[in-house]
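Here is a short briefing on one protein model. Look at the sequence and the structure first, then work through the points below.

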Amino acid sequence: MKPDFKKYPDGLVPAVVVDNQTQQVLMMAYVNEESFNLCMKTRQTWFWSRSRQELWHKGETSGNTQEIVSMEIDCDEDTLLMKVNPAGPACHTGHTSCFYRTILPEQVKEESTMQDLDELYQLILKRKNNPEKGSYTDYLFTKGLDKILKKVGEEATEVVVAAKNPSDPEFILEVADLAYHVEVLMAQRGITPDQIKKELAGREGKQSITKDRKEIKEW
């Protein structure tokens with residue numbers, strides 16, 4: 001299936017580029033039939049520059065290429081959605097995404113709508129990619145890996161201590177703190193919740209022996 005390039009007088013179709021891992025919108029550009037065919041052939045993003053009136057291979061000069069994981073087309077066959085693995089920032093300014101300037105801030109809600117750890121991870125990534133002054137998450141990423149590791153260790157100890165006490169609210173609070181800091185560590189290392197889920201799913205109904213302690217794990 002191909003986009004309907006004849007739908008527009010200039011023969012160009014908009015393409016929205018999304019990070020396959022984080023689902024963050026990276027950029028929007030235009031493709032013509034020639035650049036679309038190059039995308040299909042090379043599995044890297046090619047676009048048509050309206051200002052220069054020429055083809056351009058994303059990352060050809062900067063090295064920030066985009067490997068196409070999948071490509072989808074909308075119901076009217078006039079807009080493309082490209083999911084990519086980026087080799088670097090999408091924006092020429094050095095930002096991860098071209099969409100880094102806020103016009104209408106998110107509305108602050110009285111009650112949190114956080115549903116699961118996946119949504120927490122996406123919020124953490126948002127803070128990492130678009131630092132927000134005064135944010136604790138931004139503070140952790142600024143301090144770096146050693147600081148994050150220290151916090152994970154501290155929170156793990158606090159979970160152990162809280163588990164020995166009869167107070168459920170305290171234990172829940174400490175587990176939540178640990179979960180948050182572990183997800184910050186995952187984001188710092190570039191590990192996604194889907195990778196953890198895949199590892200856990202692979203253990204179901206199986207036995208494995210760890211190399212260091214020779215312990216049998218059963219799921």
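Four strands form an open sheet, in the order E2-E1-E6-E5. Their pairing is mixed. The model is a predicted one.

**The sheet**
- Strand E2 (25–31) and strand E5 (66–73) are the edge strands. Each of these two pairs on one side only.
- On average, neighbouring strands of this sheet are turned by 25° against each other, direction ignored.
- E5 pairs with strand E6 (residues 80–86) in the antiparallel sense, over seven bridges.

**Helix H2**
- H2 (residues 117–129) has 13 residues. From first C-alpha to last, H2 reaches 18 Å, close to the 18 Å expected at 1.5 Å a residue.
- The buried residues in H2 are Leu 120, Tyr 121, Ile 124, Leu 125, Arg 127 and Asn 129.
- An α-helix has 3.6 residues a turn, so residues three or four places apart point the same way.
- Helix H3 (136–143), helix H5 (168–189) and helix H6 (193–203) are among the elements that cover the buried residues of H2.

**His 57**
- His 57 lies in strand E4 (residues 54–57).
- Is His 57 buried or exposed? His 57 counts as buried because its relative accessibility is 16%, and buried means under 20%.
- Leaving aside neighbours within four places in sequence, His 57 is in contact with Gln 44, Thr 45, Trp 46 and Thr 65.

Key. Residues are numbered from 1 along each chain as its sequence is written. This is a predicted model: local features need pLDDT of at least 70, side-chain atom pairs count only at pLDDT 80 or more; totals for chains, interfaces and linings use all residues. Side-chain values use heavy atoms; hydrogens and water are left out. Buried means under 20% relative accessible area, exposed over 50%, partly exposed in between (1.4 Å probe, protein chains only). Contact means heavy atoms within 4.5 Å. The expected span of a helix is 1.5 Å times one less than its number of residues. Two strands pair if DSSP finds at least two bridges between them. Axes are lines fitted to C-alpha atoms, for helices over the stretch in contact, and angles run from 0 to 180 degrees between N-to-C directions.
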